[in-house]
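Please read them with the structure open beside you.

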Amino acid sequence: MPTDVRESPGLGSDAGTNVPSRHVAHLRTQLMELGLVGLGKMGGNMRERIRRAGHTVIGYDRNPDLADVHSLQELVEKLQGPRVVWVMVPAGAPTQSTIDELAELLQPGDVVVDGGNSRWTDDEKHAKELAAKGIGFVDCGVSGGVWGLENGYALMYGGDPENVAKVQPVFDALKPEGDFGSVHAGKVGAGHFAKMVHNGIEYAMMQAYAEGWELLEKVDSVDNVREVFRSWQEGTVIRSWLLDLAVNALDEDEHLGELRGYAQDSGEGRWTVEAAIDNAVPLPAITASLFARFASRQEDSPQMKMIAALRNQFGGHAVEKK
């Protein structure tokens, strides 16, 4: 296991540590050191939650105000082997360059964890590159957002069991209290694939709530849409944390008048649809929710111009001119 192998106190006791009692249950048999790269909104809160569980975290970020060390090399030098370094940087080139640099700094027996939103096919590539140097690799999909510090993070990880075991104390520290919220989903790539599907489902759920909200806002007979949403929070089959967050948003801005109707996509919705095509799995709801986001970026839809022109041609329907 990684370094700083101290026996944890008995469950229900925090004697001899500064660990808050609500986190003592996370201390299984050993405390460990972790290098954490990327200390933004997610990474910074993860560092704090892991530390609350009694583990040592050495963090690096390009922003020196957030970092514990000044470089990846210094981070690696401060960790005793076998090392575990968790990467929380944007997918694509930033993740690739970070893993490339770590590959030159780490030693055989060390493990790299990619906890960002990388595509699962990149995981397979990174695992192969690191394995050539004797370095293990684990991919981990992380869900929890800004609420994860207090509520815990849902974790989906993939990789060989021996590499997962080296990271397990950190998984235990990050996951929510209780028996669920963490899963070894399978081999390398399985964690990010599971998280990708999770985000695809999230797209469709958000779209359904959004469409229902717009329809309620549109009709004259319903004059308290926010409280209709609030009434759904108990006793209905559509209650969820997303619904709770929708109510929070409506409490802050009842008719969402301060927002522009524009929604970005992180890329995972696209990857979900691409994977569905590759595997001949129909995903009509998730696909439609992704395309709805694309539609949100068009103030004057070119497609609707053609629709209006065709309706005018075959049916004489009126068209609106600029």
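1. In this predicted model, the contact between α10 and α11 (contact meaning heavy atoms within 4.5 Å) brings G269, R270, T272 and V273 of α10 against I286, T287, L290 and F294 of α11. By class, that contact has 4 nonpolar, 3 polar and 1 charged residues, where Ala, Val, Leu, Ile, Met, Phe, Trp, Tyr, Cys and Pro count as nonpolar, Asp, Glu, Lys and Arg as charged, and the others, Gly among them, as polar. Helix α10 covers residues 268-278 and helix α11 residues 284-295, and their axes come within 10 Å and cross at roughly 140°. The axes are lines fitted to C-alpha atoms, for helices over the stretch in contact, with angles running from 0 to 180 degrees between N-to-C directions. The two helices α10 and α11 are therefore oblique to each other, on a scale where angles under 35 degrees count as roughly parallel, over 145 as roughly antiparallel, 65 to 115 as roughly perpendicular and the rest as oblique. The crossing of α10 and α11 is left-handed, a crossing being left-handed if the near helix is turned anticlockwise from the far one by less than a right angle, and right-handed if clockwise.

2. On conventions, residues are numbered from 1 along each chain as its sequence is written, and side-chain values use heavy atoms, with hydrogens and water left out. Because the model is predicted, local features need pLDDT of at least 70 and side-chain atom pairs count only at pLDDT 80 or more, while totals for chains, interfaces and linings use all residues.

3. Helix α10 also packs against α7, and here the axes come within 8 Å and cross at roughly 105°, which makes α7 roughly perpendicular to α10. On the α7 side the contact involves F193, K195, M196, V197, N199, G200 and Y203, and on the α10 side E268, G269, W271, T272 and A275. The residues of this contact of α7 with α10 divide into 6 nonpolar, 4 polar and 2 charged.

4. Which side chain forms a salt bridge with E268? The partner is K195, with the closest N and O atoms 3.9 Å apart, where a salt bridge is a side-chain nitrogen of Lys or Arg within 4 Å of a carboxyl oxygen of Asp or Glu. Since E268 lies in helix α10 and K195 in helix α7 (residues 190-218), the pair ties together parts that are 73 residues apart in sequence. E268 counts as buried at 1% relative accessibility, and K195 likewise counts as buried at 5%; buried means under 20% relative accessible area, exposed over 50%, and partly exposed in between, with a 1.4 Å probe and protein chains only.

5. Helix α7 has a further packing partner in helix α9 (residues 241-252), at an angle of about 45° and with the axes 11 Å apart, which makes α7 oblique to α9. The crossing of α7 with α9 is right-handed. E202, M205, M206, Y209 and W213 of α7 meet L242, L243 and L250 of α9, and by class this contact has 7 nonpolar, no polar and 1 charged residues.

6. The structure holds 17 salt bridges, and one of these joins the side chains of R47 and D68 at 3.1 Å, N to O. The pair links distant parts of the chain, 21 residues apart, with R47 in helix α1 (residues 41-52) and D68 in the loop between β2 (56-60) and α2 (72-78). R47 counts as buried at 14% relative accessibility, whereas D68 counts as partly exposed at 36%.

7. A salt bridge within one helix is formed by R230 and E227, at 2.8 Å, N to O, and because these residues are 3 apart in helix α8 (residues 225-231), they are separated by about one helical turn. R230 is partly exposed at 29% relative accessibility, and E227 is partly exposed at 28%. Salt bridges that share partners join R226, E227, R230, D251 and E254 into one network.

8. For the chain as a whole, the secondary structure comes to 12 helices and 7 strands, taken as DSSP runs numbered from the N terminus (helices H or I, at least four residues; strands E, at least two). Buried residues make up 42% of the 322 residues, and the C-alpha trace spans about 80 × 45 × 40 Å along its principal axes. Among contacts between residues at least 6 apart in sequence, 66% join residues at least 24 apart.
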